[in-house]
Amino acid sequence: MKKPILTLIGFALLYSAGAQDIKPTATVEYVSEELSGIIKKDAKVEVIAEGFQFTEGPIWVAKEKMLLLSDVPANTIYKWTEAEGKEVFLKPGGYTGTTERGGFMGSNGLLLTPDGKLWICQHGDRRIAELNTSLSDPKPEYSTVAGEYDGKKLNSPNDLTLSKAGNLYFTDPSYGLASDSKKEIDYQGVYKMDPTGKVTMLLDSIDQPNGIAIFPDQKTLLVSNSDPEKKRWYAYDLAKDGSITSGRIFYDASNSSEPGLCDGFKIDKKGNVFASGPGGIWIFNKSGEILGKIKLEGATAANCALTPDGKTLFITAEKHLLRMKMR
């Protein structure tokens with residue numbers, strides 16, 4: 001079994017390059033002309049909110065015309081709207097205990113279910129939780145969706161995705177633990193929870209599984225590894241029963257010397273992947289060919305979100321929230 005290679009302190013140090021209060025800037029690098037059909041040549045990245053501690057897990061909620069995002073150390077879920085800007089949405093967002101603790105204790109990945117429920121990766125509570133109140137009148141009241149595997153508490157669920165068949169897939173690295181001594185599972189896993197609630201371990205071989213998503217055809221699962229020695233995205237075929245087969249490297253960025261790791265990502269309706277990685281947002285087609293990059297200066301990208309029409313990209317970058325109107 002794999003032992004954790006990164007402590008919370010080590011994870012924070014990897015992102016220290018953008019830790020100063022510098023307003024980030026961005027440029028688009030067009031590796032393939034195919035990217036010009038996704039991002040217009042004059043598209044700009046703008047900072048639309050700032051003053052966070054460390055931003056993650058953004059999702060666009062079309063019905064409410066708002067973006068939700070996690071501030072992990074602040075234990076807070078924020079919302080952003082065009083009209084009101086940045087506002088607190090939920091606090092506490094990831095740790096509801098009474099014993100004081102620090103570190104990456106808040107929420108991380110967020111997911112909206114087909115019936116409009118908000119599911120939250122809660123680092124501090126070491127579970128995936130459902131918000132029991134409405135999105136229009138949120139209160140920090142939660143119930144557990146998944147919190148254990150084989151009778152042991154999860155480490156700190158990080159990101160999640162739901163298949164059309166109703167299978168939940170999620171990653172469980174060690175970043176949200178206060179210390180490794182609290183680990184009950186001695187590896188960092190990738191899991192599936194079927195519609196009956198049964199949790200199955202799919203992988204224990206990725207050192208720090210992080211971002212996760214399914215391609216639109218429902219045939220392939222993509223997982224990022226935020227191990228600084230293996231900066232990679234892995235692809236797995238999805239079988240009819242929801243299990244995975246035929247694992248392979250989707251893209252290997254291990255030789256990149258730019259700051260940042262392979263972290264959260266999103267996949268658009270055409271199968272293009274927008275992935276936070278070394279130096280910014282890497283953009284691939286569904287075959288794993290790199291189309292280009294959104295290169296950030298002054299901050300490290302941790303995750304991103306797309307509007308349903310695929311025209312607007314939001315980027316969480318440490319203390320900032322960025323937006324690019326791509327088309």
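## Rings and charges: worked exercises

The charged end of Lys86 sits over the ring of Tyr78, 5.2 Å from its centre. For a charge to sit over a ring, NZ of Lys or CZ of Arg must be within 6 Å of the ring centre and within 35 degrees of the ring normal. Arg101 does this too, with its charged end over the ring of Tyr95, 5.7 Å from the centre.

Before you start: this is a predicted model, where local features need pLDDT of at least 70, side-chain atom pairs count only at pLDDT 80 or more, and totals for chains, interfaces and linings use all residues. Residues are numbered from 1 along each chain as its sequence is written, and side-chain values use heavy atoms, with hydrogens and water left out.

**Exercise 1.** Work out how the rings of Trp233 and Trp282 are arranged, and which parts their pair ties together.

*Step 1.* Start with the rule: rings of Phe, Tyr and Trp (its six-membered ring) pair if their centres lie within 6.5 Å, and planes under 30 degrees apart count as stacked, over 60 as edge-to-face and the rest as tilted. That rule gives 14 aromatic pairs.

*Step 2.* The centres of Trp233 and Trp282 are 5.9 Å apart and the planes are at 50°, so this pair is tilted.

*Step 3.* Now find the strands (DSSP runs of E, at least two residues, numbered from the N terminus). Trp233 is in S19 (residues 230–238) and Trp282 in S23 (residues 280–284), so the pair ties together parts 49 residues apart in sequence.

*Step 4.* Check burial: buried means under 20% relative accessible area, exposed over 50%, and partly exposed in between (1.4 Å probe, protein chains only). Both Trp233 and Trp282 are buried.

**Exercise 2.** Describe the salt bridge between Arg232 and Asp252.

*Step 1.* A salt bridge needs a side-chain nitrogen of Lys or Arg within 4 Å of a carboxyl oxygen of Asp or Glu. The count comes to twelve.

*Step 2.* For Arg232 and Asp252, the closest N and O atoms are 3.0 Å apart. Arg232 is in strand S19 and Asp252 in strand S20, 20 residues apart, which makes this a link between distant parts of the chain.

*Step 3.* Arg232 is partly exposed at 21% relative accessible area, and Asp252 is partly exposed at 35%.

**Exercise 3.** Which network does Glu258 join?

*Step 1.* Lys293 meets Glu258 in a salt bridge of 3.8 Å, N to O. Lys293 is in strand S24 (residues 290–297) and Glu258 in the loop between S20 and strand S21 (265–267), so the parts they tie together are 35 residues apart in sequence.

*Step 2.* Lys293 counts as buried at 15%, while Glu258 is partly exposed at 24%.

*Step 3.* Lys295 also bridges to Glu258, again with the closest N and O atoms 3.8 Å apart. Salt bridges that share partners join Glu29, Glu258, Lys293 and Lys295 into one network.

Note on methods
Helix = DSSP H or I, 4+ residues; strand = E, 2+ residues; numbered from the N terminus.
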